[in-house]
Amino acid sequence: MTDKIAKLLIIAGSDPSGGAGIQADIKSATANKVYAAAVITSLTAQNTQGVSAIFNPPTSFLKAQLDAVFTDIKFDAIKIGMLATKEIIETISELLPKNIPLILDTVMVATSGDLLLEKNAVEALKSRLICKAFLVTPNIDEAEILAEMKIKSVEDMKTAAKKIKTFGCKNVLIKGGHLKTSDKKIKNILLAENNRFYIIENARIDAKKIHGTGCSLASAIASNIAKKQEIVKAVKNANNYVFKAIKQNLTVGKGSKVLKHY
Ligand code: PLP
């Protein structure tokens with residue numbers, strides 16, 4: 001008999017310095033008390049100052065990893081992060097099991113400015129993965145690219161969320177951290193399956209550059225979904241978790257700070 005713990009599969013890229021990517025995902029999932037399995041899409045050579053190289057193992061090996069885990073383990077949720085190329089997106093899309101909630105973090109560019117998804121892969125992201133997602137979690141820059149519009153206000157965030165929902169996902173969370181607001185609050189906009197908007201706010205922490213927040217938030221939400229929390233509660237709890245991890249941040253290298261997960 002398998003243990004009762006909720007099981008999350010993370011499909012994402014590696015950050016060897018541990019602040020972002022699959023390393024952050026596993027920390028976030030573990031701190032949120034789920035079992036984390038991890039299939040690696042892409043290997044970055046990276047530290048807290050930026051990305052110096054990217055190597056994508058052949059998609060036949062990605063397929064082998066996915067086959068290995070899917071034929072053995074029954075997951076309660078799947079979180080997808082860095083995808084790097086159109087071919088990686090297509091491989092995953094073909095092998096994703098139905099009926100497992102998919103939390104898709106639409107990773108495109110790192111905080112350092114490094115490109116984590118080839119520009120020609122955006123259409124495949126929409127038509128092969130967003131359409132299957134339970135939740136997508138773009139930041140403002142990613143939402144602008146996906147919805148093909150400029151976002152300057154909360155109203156624009158709502159319009160973009162509606163547009164992204166037409167690609168077929170059930171819920172859309174646009175993270176507001178990159179939007180300048182007058183009241184020093186970050187406003188994250190959730191457009192839920194019931195077509196209602198929820199504004200999930202938190203104070204803006206002046207932590208200078210910090211990286212790994214997007215990965216950690218999506219993994220915390222995916223953990224909560226794996227534990228069967230409903231969407232609004234899952235996002236609120238994950239937001240509180242990441243807020244605390246940012247507040248108590250760590251300096252581990254010469255560049256960006258990282259989250260302190262526990
Ligand atoms: N490296 C990897 C492997 C990632 O998946 C991500 C984001 O998802 C990043 C780096 C960038 O993280 P950040 O933008 O928080 O620096």
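A polar contact is taken here as a pair of N or O atoms within 3.5 Å; within protein, one atom must be able to donate a hydrogen and the other to accept it, and residues adjacent in sequence count only if both atoms are side-chain atoms. The model is predicted, so local features need pLDDT of at least 70 and side-chain atom pairs count only at pLDDT 80 or more, while totals for chains, interfaces and linings use all residues. Residues are numbered from 1 along each chain as its sequence is written, and side-chain values use heavy atoms, with hydrogens and water left out.

A polar side-chain atom of Gln46 lies 2.9 Å from one of the ligand's nitrogen atoms. Thr111 places a side-chain N or O atom 2.7 Å from an oxygen atom of the ligand, and for His211 a polar side-chain atom is found 2.9 Å from a ligand oxygen. The protein buries 93% of the 390 Å² that the ligand exposes when taken alone (Shrake-Rupley method, 1.4 Å probe). Around the ligand there are 14 residues, a residue being counted if one of its heavy atoms lies within 4 Å. Gly212 and Cys215 are among those that come nearest. By class, this shell holds 6 nonpolar, 8 polar and no charged residues, with Gly counted as polar and Cys as nonpolar. Strand E1 (7-14) and helix H7 (213-226) each contribute at least two residues to the shell; helices (H or I, at least four residues) and strands (E, at least two) are DSSP runs numbered from the N terminus.

Next comes helix H1, residues 21-31, where Gly21, Ile22, Ala24, Asp25, Ser28 and Ala29 are buried (under 20% relative accessible area, 1.4 Å probe, protein chains only). These residues lie on the same side of H1 because they cover an arc of only 155 degrees around the axis, as given by the directions from the helix axis to the C-beta atoms. Their cover includes E1 and H7, along with strand E2 (35-47), strand E4 (77-80) and helix H8 (231-247), with contact meaning heavy atoms within 4.5 Å. Just after H1, Lys33 adopts a positive phi of about 60 degrees.

Helix H5 (residues 140-147) is mostly covered, with 6 of its 8 residues buried. Glu142 and Glu144 are among the buried residues of H5, as are Ile140 and Leu146. Helix H4 (122-129), helix H6 (154-165) and strand E7 (171-174) are included in what covers them. At the N-terminal end, Asn139 caps H5 through a side-chain oxygen 3.1 Å from the backbone nitrogen of Asp141. Following H5, Glu148 has a positive phi, near 55 degrees.

Key
Buried means under 20% relative accessible area, exposed over 50%, partly exposed in between (1.4 Å probe, protein chains only).
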